[in-house]
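Good morning, everyone, and thank you for making time for this short talk. Please take a look at the chain on the screen before I describe how its parts come together.

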Amino acid sequence: MNTPWRDELITLLAAQAPRLDRALKKFTKRGGEVVLIDGTLIPTQRRTRKADRRNYSGKHRSHGLHFLALTDEKGHLTWISAARPGRTHDITAARHDHILAHLRAAGLDALTDLGFRGLDNDIRDPIVAPGFTASRTHKLTPGQKEANRVLAVGRTPVEHGFAHLKNWRILTKLRTDPARATRLLRALLVLTNLEVNR
């Protein structure tokens with residue numbers, strides 16, 4: 001049941017969530033140097049229409065909406081993107097939000113998973129570290145394997161940040177309306193930060 005006061009409250013809370021440029025600026029003021037970026041799928045109730053096919057994620061084998069999130073090195077969520085169809089790839093969402101340009105403007109580096117490989121092609125001054133990937137013709141060297149292990153350990157806190165956000169029971173009833181889902185997730189981001197930072 002939708003009530004006007006609940007929607008208004010969600011809208012007011014969502015308005016408190018920081019924009020990407022402000023979140024990065026605040027992060028640098030606190031002395032941060034490296035942010036963690038990852039994408040996640042928030043499951044949604046499946047609709048039977050053709051239009052819902054774009055919300056199907058082959059990777060997760062379920063319907064949902066894709067979100068990007070940014071955390072500090074301790075896993076505190078600082079920013080969340082707008083909702084996109086579940087089939088959206090992490091790198092596509094990052095390019096749409098101009099994350100690389102925002103990171104360069106703020107003077108920050110980022111740890112990511114392999115889903116962001118190819119986002120930063122600057123060989124001389126890369127700021128995004130996605131790790132190394134093997135192929136049939138190219139095996140990973142021991143050094144590359146060790147670098148991947150270190151990156152995986154460094155990225156662990158972003159999963160904790162998502163876990164805090166996904167604990168909200170209301171997300172089990174999420175519909176596929178991206179605008180409403182974005183407002184709800186940003187409102188929950190504000191509430192999560194209030195709860196975690198207590």
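Predicted model: local features only at pLDDT ≥ 70, side-chain atom pairs only at ≥ 80, totals over all residues.

Let me begin with a contact, which here means heavy atoms within 4.5 Å. Of the contacts in the chain with a separation of 6 or more, 61% are between residues 24 or more positions apart.

Residues are numbered from 1 along each chain as its sequence is written, and side-chain values use heavy atoms, with hydrogens and water left out.

The chain has 6 helices and 7 strands, where helices (H or I, at least four residues) and strands (E, at least two) are DSSP runs numbered from the N terminus. Read from that end, their order is α-α-β-β-β-β-β-α-α-β-β-α-α.

Now to the nonpolar cores, each a set of buried Ala, Val, Leu, Ile, Met, Phe, Trp, Tyr and Cys residues joined through side-chain atoms within 4.5 Å. The largest has 26 residues, and Phe67 and Leu185 have the most contacts inside it. Among the elements that give two or more residues to this core are helix 1 (4-15), strand 3 (62-71) and helix 6 (178-196), and helix 6 gives the most, with 7 residues. Phe67 touches, among others, Ile42, Ile80, Ala181 and Leu185. Apart from this core lies another, of 21 residues, including Val35, Ile91, Leu100 and Ala110.

Methods: Buried < 20%, exposed > 50% of the residue type's maximum accessible area, 1.4 Å probe, protein only. Lists of a residue's contacts leave out its neighbours within four places in sequence.
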